Amino acid sequence: MAESLQQLVLDTLDAQSTIQDTRLLTIPGQSAPAASHEDQITILGALNSLLSRDMIVYETHETSSHALTSEGSQIVNEGSHEARVWAALPAKGEGSPLTPVQLKKQVGDETAKVGQGRAFKNGWIGKEGDGLVKLLPTIQDATQNDLQEIASTGTLAAGEKLLADLRKRKLIVQRKGQWFTVRKGSNFSTSTAKPETDLTVDMLTSGTWKTSTFKKYNFDAEGAPTDGGALHPLLKVREEIRNIFLEMGFAEMPTSSFVESGFWCFDALFVPQQHPARDLQDTFYLSDPKEALPPEPEYYKRVSTVHEHGGFGSTGYRAPWSHEESSKLLLRTHTTASSAHMLYKLAAKCRGEKVDSDEAEFAHGSSTVGGPDDGFKPAKLFSIDRVFRNETMDATHLAEFHQVEGVVADRNLTLADLIGFMRVFFKKMGIERVRFKPAYNPYTEPSLEIFAFHPMLDRWVEVGNSGMFRPEMLEPMGFPKDVRVHGWGLSLERPTMIRYGINNIRTLVGHKVSIEGIENSPAVMF
């Protein structure tokens, strides 16, 4: 039908030069002119095909009309709801008034419900005792008359106000339409033969390319978008935070060890072996292999002693030490286990051990000015990597998430230094309003929870945890007594969710993540 319709358009143009109104055309296979919206859509397809070959040009004319709904058609045939209510009632003083219940039985629930109110408003009916009666001997059913006019003409001479009222009552619906005026194009012809789109070997061999008509290249057409890789929002935020650390002179810690022993994840941090965080409901333990290789014996002895009996100015936990608990293998619950490894390595010279040069690994060759020559060098370290906890998954918790962690080691650091550093760090992330609340952590004392004001939520939200590592953790490693270490951590997911307006973490990580959302997510900038 497409080719026959195109031929009809060309033949009509050849005979008349212009088609003023495509609604007057009769589509092949039909008996009536193409007056409907669907017919004009069909004609538009034929016109666009001819336009692409410059055979025609056309102008579009928009139309607007109204059609009756099923309820509107019923009113045209039977009268409006208010007119049917009026017709069902006896005249005042000429019969027994009808109660509302009797009226519903006679005209139906919907007609009685809608018609009573409008009939009262028009002054057609009134109350007499407990019933209803007619107040007027005759009425003019304007609603029915208006709908009859719309059914025949598609509009209403009374104007838009009445049309809007009928649309609100869902008696009519507005329909948009279009029709076209068509004229000859620069390549007009009555032949619908399509031009060639490719120059083939056969054409070159036979010479038919000399007489063939080729389709013009459209150099303005946009090419198909190419699919490419896209960084996940977590990676974008991770890189931004990483750049902040590097800008502040930090060195990145290796954190590739997802599996840790209970010793490095808990014991070395002075977390008691009876702590609830070490229970099965909070930590994932490995079943094969179950046990880790033993740590350095002397360090292991110092850690177990300070736990069980105390030392370094501490009374310890005064609880029995379990080698089995210390040697269990688990998925690390925090990257502080990696920090413990690095701090132990940093203290190697303080213990009198001979180590390779570590300037690049820890703090770019920094040293304490005027300090004793005990082998200690200040360090600023950070890591951003995955941790695992046996959490119940919901809109804000997953069993696997990312932790951002930083540590600063130097002599005679104070809590004020930590607070000052936190303010600078979060300011670089775009968080100006920060406040701190005392907290408890087994391996830091004092400890602080970090809160930031969220302008979109208009409230303070917790964004991290921080503190100063305890002597019971640092001195068994071999650090001098005057060395203090700041530590703090925050999740990577929370600032990412805030940045991208995500309220359910399962739409950020997991099978519900929108690939299109990842491709279109903007670059983050704190």
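Which residues do ring pairs link into a cluster? They are Phe 245, Phe 250, Phe 382, Phe 421, Phe 425, Phe 426 and Trp 488. This is a predicted model, where local features need pLDDT of at least 70, side-chain atom pairs count only at pLDDT 80 or more, and totals for chains, interfaces and linings use all residues. Residues are numbered from 1 along each chain as its sequence is written, and side-chain values use heavy atoms, with hydrogens and water left out.

**Aromatic pairs**

- The structure holds 22 aromatic pairs. Rings of Phe, Tyr and Trp (its six-membered ring) pair if their centres lie within 6.5 Å; planes under 30 degrees apart are stacked, over 60 edge-to-face, and the rest tilted.
- Phe 245 and Phe 382 are a stacked pair, 4.6 Å centre to centre with 5° between the planes. Phe 245 sits in helix α10 (residues 233–247) and Phe 382 in strand β9 (residues 379–388), so the pair links distant parts of the chain, 137 residues apart. Helices (H or I, at least four residues) and strands (E, at least two) are DSSP runs, numbered from the N terminus.
- Phe 245 and Phe 382 are buried, meaning under 20% relative accessible area; exposed is over 50%, and partly exposed lies in between (1.4 Å probe, protein chains only).
- Trp 264 and Tyr 344 are edge-to-face, because their ring centres are 5.8 Å apart and their planes at 65°. This pair also links distant parts of the chain: Trp 264 is in helix α11 (residues 262–265), Tyr 344 in helix α14 (residues 336–346), 80 residues apart. Both Trp 264 and Tyr 344 are buried.

**Charges over rings**

- Lys 328 lies over the face of Tyr 285, 5.2 Å from the ring centre. The cut-offs are NZ of Lys or CZ of Arg within 6 Å of the ring centre and within 35 degrees of the ring normal.
- The charged end of Arg 433 sits over the ring of Phe 453, at 4.2 Å from its centre.

- Leu 199 is in the loop between β5 (172–184) and α9 (201–206). Its relative accessible area is 52%, so Leu 199 is exposed.
- Trp 124 is in the loop between α6 (109–122) and β3 (125–128). Its relative accessible area is 9%, so Trp 124 is buried.
- Beyond its neighbours within four places in sequence, Trp 124 has contacts (heavy atoms within 4.5 Å) that include Glu 82, Trp 86, Val 133, Leu 136 and Gln 140.
- Trp 124 and Ser 52 are 72 residues apart in sequence and 62 Å apart in space, C-alpha to C-alpha.
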